[in-house]
Amino acid sequence: MRAYPAPDTAAVRELLLDWCGADADDADDAVRALGSLDGAALELADRLYQSIAADMGGKKWLGWPGPPAGQPMLSLFPLLAAVPDMLKFHGDRGVDEDLSRRVLADIGEKLRLNRRIYGRPGLDVGNWFTGHVRGALYQLGRLQFCVEGPDPKPFAGMHIRGEGGPLTLDAVRDSVEWAMEFLPAVFPERYAGPEDLEFRCESWLLDPQLRDWLPERSNIPGFAALFDLLNEGDPAGNRTDLWRFVFGRPEDTPVDQLPQDNTLQRSVMAGMKAGVVWRNRYGRLDLAKLGL
Ligand SMILES: CC(C)(COP(=O)(O)OP(=O)(O)OC[C@H]1O[C@@H](n2cnc3c(N)ncnc32)[C@H](O)[C@@H]1OP(=O)(O)O)[C@@H](O)C(=O)NCCC(=O)NCCS
């Protein structure tokens with residue numbers, strides 16, 4: 001087992017500001033949170049770091065416990081400690097430093113999202129970033145791609161950050177084209193070429209019911225139409241992702257207190273009031289629909 005390279009305050013600040021694109025407020029709060037870690041929290045941070053170090057180059061993301069009460073930023077520290085491991089992995093596989101920075105920018109975004117949802121600093125789904133720092137996930141243009149299906153040729157999961165602009169078909173096509181070149185180059189032991197790749201996505205964005213409620217100009221139904229759906233989704237619906245990604249509120253926020261600031265929020269709300277049960281859907285990208 002490797003010693004846990006606990007980041008000090010200077011490293012936390014530098015990594016967050018220079019590599020993760022975090023806001024100064026979040027960097028200040030992370031430095032404060034680091035100073036408040038007790039023995040049990042440090043032990044947990046060490047265990048989480050070890051789970052990353054033991055699985056560099058592994059697929060998908062790891063199952064981690066949520067942050068302990070009173071330490072909503074704890075998972076940040078083992079992730080930052082693993083950045084040098086990620087840079088080594090990227091360097092060995094010919095991944096540009098610019099892409100290392102881009103993938104880490106998701107941490108800065110999710111720190112901002114946590115502040116927006118909970119009204120305080122935190123990183124609630126720290127385990128998501130174990131895909132980033134273990135070298136499984138990459139930001140290629142608008143989209144993220146993660147090596148995540150079963151062996152021997154795991155499909156590439158497609159993920160969509162909130163920051164990065166509209167989800168136009170051109171942006172999607174450019175990203176997928178990039179991934180078709182990038183993934184076989186970085187993982188030659190998995191993919192001989194683009195023909196070995198299959199792209200999948202699971203998201204609230206793929207619910208075909210959205211088409212009936214969003215205006216014509218919305219990019220979301222066009223994105224959803226690129227996929228052949230592989231399941232029916234949970235008939236009980238999907239509150240977690242909508243409250244998080246559409247409304248930016250904690251999951252226990254009552255419906256009548258959700259914000260109604262833009263077309264998407266108003267459309268999703270109108271559907272709920274009419275009895276629509278929104279579902280996460282899972283699909284396989286039809287490359288022909290992108291002309292690829
Ligand atoms: C996916 C995403 C980039 C699509 O954005 P887009 O291309 O601008 O989407 P649309 O064309 O449908 O935008 C239409 C309207 O909805 C708004 N909108 C889109 N996504 C929104 C979101 N997640 N939250 C709040 N408003 C949103 C737009 O501002 C626009 O409103 P307006 O007409 O009042 O100005 C966007 O929904 C997003 O950032 N989502 C968060 C990340 C996410 O959900 N990822 C998937 C996780 S499974």
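**Reading the chain step by step**

Reply: Happy to! Over residues 137-285 the chain is 29% helix and 18% strand, with the end C-alpha atoms 18 Å apart. Keep in mind that this is a predicted model.

Me: Which annotation does UniProt give for residues 137-285?

Reply: The record, an unreviewed UniProt entry, lists "domain: GNAT-like C-terminal" for that stretch. The UniProt entry, also marked unreviewed, places "domain: N-acyltransferase N-terminal" at residues 16-135. Over residues 16-135 the chain is 61% helix and 0% strand, and the end C-alpha atoms are 18 Å apart.

Me: Which domains does the domain assignment give?

Reply: The assignment gives domain 1 (1-135) and domain 2 (149-292). Taken over C-alpha atoms, the centres of domain 1 and domain 2 are separated by 25 Å.

Me: How many residues of domain 1 are in contact with domain 2?

Reply: Ten residues of domain 1 are in contact with nine residues of domain 2. On the side of domain 1 that touches domain 2, there are four nonpolar, one polar and five charged residues.

Me: Now the helices, please. How are two packed helices described?

Reply: The general idea is to give the angle between their axes and the distance between the axes. In this structure, α10 and α11 pack at an angle of about 150 degrees, and their axes are 10 Å apart. An angle over 145 degrees counts as roughly antiparallel, and α10 and α11 are therefore roughly antiparallel to each other.

Me: Which residues make the contact between α10 and α11?

Reply: From α10 come Leu242, Val246 and Phe247, while α11 brings Leu264, Gln265 and Val268. By class, this contact of α10 with α11 has five nonpolar, one polar and no charged residues.

Me: Let's turn to the ligand. How many residues surround the ligand, and which are the closest?

Reply: The ligand is surrounded by 18 residues, and the closest are Pro166, Ser218, Asn219, Phe245 and Leu264. Sorted by class, the shell has ten nonpolar, seven polar and one charged residues. Our helix pair turns up again here: α10 (239-247) and α11 (263-273) each supply at least two residues of the shell.

Me: I would also like to look at the backbone. Is the peptide bond from Asp151 to Pro152 cis or trans?

Reply: The bond from Asp151 to Pro152 is cis, with omega near 5 degrees. You can find Pro152 in the loop between β2 (143-147) and β3 (156-160).

Me: And what is phi of Lys60 near?

Reply: For Lys60, phi is near 55 degrees, a positive value in a residue other than glycine. Look for Lys60 in the loop between α3 (39-53) and α4 (76-81).

Definitions and conventions. Residues numbered from 1 in each chain as written. Predicted model: local features only at pLDDT ≥ 70, side-chain atom pairs only at ≥ 80, totals over all residues. Near = placed C-beta within 6 Å. Helix = DSSP H or I, 4+ residues; strand = E, 2+ residues; numbered from the N terminus. Nonpolar A, V, L, I, M, F, W, Y, C, P; charged D, E, K, R; others polar. UniProt positions renumbered as here; feature names shortened; annotations may be inferred. Domains from an automatic or database assignment. Contact = placed C-beta atoms within 7 Å. Axes fitted to C-alpha atoms, helices over the stretch in contact; angles between N-to-C directions. Parallel < 35°, antiparallel > 145°, perpendicular 65-115°, else oblique.
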